[in-house]
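Me: I have a structure open and would like to go through it with you. Can we take it topic by topic?

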Amino acid sequence: MKQSKIVLSAIMLVITLALLVGCSRSGQGEDVQDYPYDIEEHESDQLEEVEEYIPEQPEDIVADSQENPSEITPLLWLVTSPTGQTMYLFGSIHAGDASIYPLPPYIMDAFNRSSYLAIEADVLAFERNFEAQIALTLGMMYQDGRTIVDDIGEDLHQAISQMFEEHGLPPAMFDGFKPFLWYQTLLSIALEASGLMAEYGLDMYFLHVAESRGMDIIEMESLEMQTEIFNDFSLPLHIFMIENSMDIPLMAEGIALLYDAWQRGNKQELLEIINADYDDMPDELWEEFNNALFIQRDIDMTAKARELMAEGRDVFFVAGLGHFIGDGSIVYLLRQYGYTVEVVSPRG
C-alpha cells in the first residue's frame, strides 16, 4: 500500500513544491517599475484582446475583520480591472496538514462570493479520466528502448536506487520512466518525511468544495501540459534537479519552512527562502527553468484571467503562490496592465 501510494503521489503531484513558490532570484517584489520581459513577445497568439464587459460599480468586497480560528494568514488578493470587474487570487500550497482547516473567514468569504473556481489543473477530473491517466503515464516513459541509466548514468542511478529501497520502493519499477518521475518521487518521499500530505493541499480542498456546490471549474492549464513542460527540460537540468533532491532530511526541512512561511503570508520572507533555494543553480539552467515554469506560464495565465474578468465572471483563482509573488508574477503583470491589485487583510 505504501509503495503504490508514493508512486501515485509522484505521478499525480505534477505541480511540485519547487513550482509552488518559484520566482526570479534577482527579484525582491512585484512593485518594480521596469518589467524585465517583453509581454507582447511571449503572449500566446490565441489569447487576443477581448471587448471588456463593463458591470455596474461593484461594492467594496474586501472581507471585513473577523476572528481567524486557525490563526493563519495566507496571501489573498483582490483584483479590480480598469472598468470595474473583480477577481480574487489565492496563493496556494500544494500540500498541507489538518491544522490549517477550517480556513480563515476572510478567505472563505471571498470564495463564497465567487461563482467560478479557476485552478491550474482539475486533478479530480483527471483522476476520473482513465484514458488521460494512461496517456500521461506513457508520456513519462521511454518509448525507444532506453532506460533511466542511459540518461543519468550508472553511479547516480545506483545512488537513487539505494534511497528508493530504503523507503520501500523497488527501483526496477522506475527504470522505464524519464528523469522527471525520479525527481518527483524524491520530492514525494521528502513530502512524506515533512509530515505534509497532498490530500491537504489547497488546490484539492477548493476543488472538492467547488464540486460539492456544483460550481463551474475553469482549468487555466492542465496536468498534461505541465507534465510536458517538465519532460521537455534539458538533461543537465533534470540531473541538477535530481542531485539537489537527494538530501531527504534537508528537503523535508525546506518544505516545512516554506509551509510555515506560507501560513504567515510574509511575502518578503517567502522571497528570501525561495531565492536561497535557487542560488546554486547555474545561470543557464536557471534561465531554462524560469522561462519554462514561470515567465511564459504567468503571461498566459494573466491573459486568461483578464479574459475571464472581461467576460464579467466572478472568479476565485487558486494557483501556486509562486505565480503571484515576485517580479514577473501574475500580480505584477496585472498591475502593469493597469489593474488594481490589493492584498485582502484578515483584519479588514
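Me: How many salt bridges does a search of the whole structure find?
Reply: The search finds eight salt bridges. Keep in mind that this is a predicted model.

Me: Take R128. Which residue does R128 form a salt bridge with?
Reply: The partner of R128 is E211, and the closest N and O atoms are 2.7 Å apart.

Me: Where do R128 and E211 lie?
Reply: R128 is in the loop between helix 5 and helix 6, while E211 belongs to helix 10. The two are 83 residues apart in sequence, so the pair ties together parts separated by that stretch of chain.

Me: Is R128 buried or exposed?
Reply: R128 is exposed, with a relative accessible area of 56%. E211 is partly exposed, at 34%.

Me: Changing topic. What is the secondary structure of the chain?
Reply: The protein chain has 16 helices and six strands.

Me: In what order do the six strands sit in the sheet?
Reply: The order is 4-3-5-2-1-6, in an open sheet with mixed pairing. Strand 4 (216-219) and strand 6 (340-343) are the edge strands, each pairing on one side only. From one strand to the next, the twist averages 25°.

Me: In what sense do strand 2 and strand 5 pair?
Reply: Strand 2 (residues 86-92) and strand 5 (residues 315-320) are parallel, and six bridges connect them. Within that pairing, L89 stands opposite F317 of strand 5.

Me: Which strands does helix 10 touch?
Reply: Helix 10 (residues 202-213) packs on the sheet and touches strand 2, strand 3 (116-119), strand 4 and strand 5. The direction of helix 10 makes about 150° with that of strand 3.

Me: Back to helix 4. How many residues of helix 4 are buried?
Reply: Six of its eight residues are buried, so helix 4 (residues 105-112) is largely enclosed by the rest of the structure. The buried ones are P105, Y106, I107, M108, A110 and F111.

Me: What do those buried residues pack against?
Reply: The buried residues of helix 4 pack against strand 1 (76-80), strand 2, strand 3, strand 5 and helix 10.

Me: Next, V123. Where is V123 found, and is V123 buried or exposed?
Reply: V123 is found in helix 5 (residues 123-127). Its relative accessibility is 12%, so V123 counts as buried.

Me: How far apart are V123 and M204 in sequence and in space?
Reply: V123 and M204 are 81 residues apart in sequence, and their C-alpha atoms are 7.6 Å apart in space.

Me: Now the surface. Which residues form a nonpolar patch there?
Reply: F130, I134 and L138 form one, and together they have about 300 Å² of accessible area. F130 is in helix 6 (residues 130-139). Its relative accessibility is 57%, so F130 counts as exposed.

Me: Last one. What share of the contacts links residues 24 or more positions apart?
Reply: Such pairs account for 86% of the contacts in the protein chain with a separation of 6 or more.

Conventions: Residues numbered from 1 in each chain as written. Predicted model: local features only at pLDDT ≥ 70, side-chain atom pairs only at ≥ 80, totals over all residues. Heavy atoms only, no water. Pairing = 2+ DSSP bridges. Helix = DSSP H or I, 4+ residues; strand = E, 2+ residues; numbered from the N terminus. Axes fitted to C-alpha atoms, helices over the stretch in contact; angles between N-to-C directions. Contact = heavy atoms within 4.5 Å. Patch = residues over 30% accessible without salt bridge, like charges linked within 9 Å, V, L, I, M, F, W, Y side chains within 5 Å. Areas by Shrake-Rupley, 256 points an atom, 1.4 Å probe, with all protein chains shown as cover. Salt bridge = Lys/Arg side-chain N within 4 Å of Asp/Glu carboxyl O. Buried < 20%, exposed > 50% of the residue type's maximum accessible area, 1.4 Å probe, protein only.
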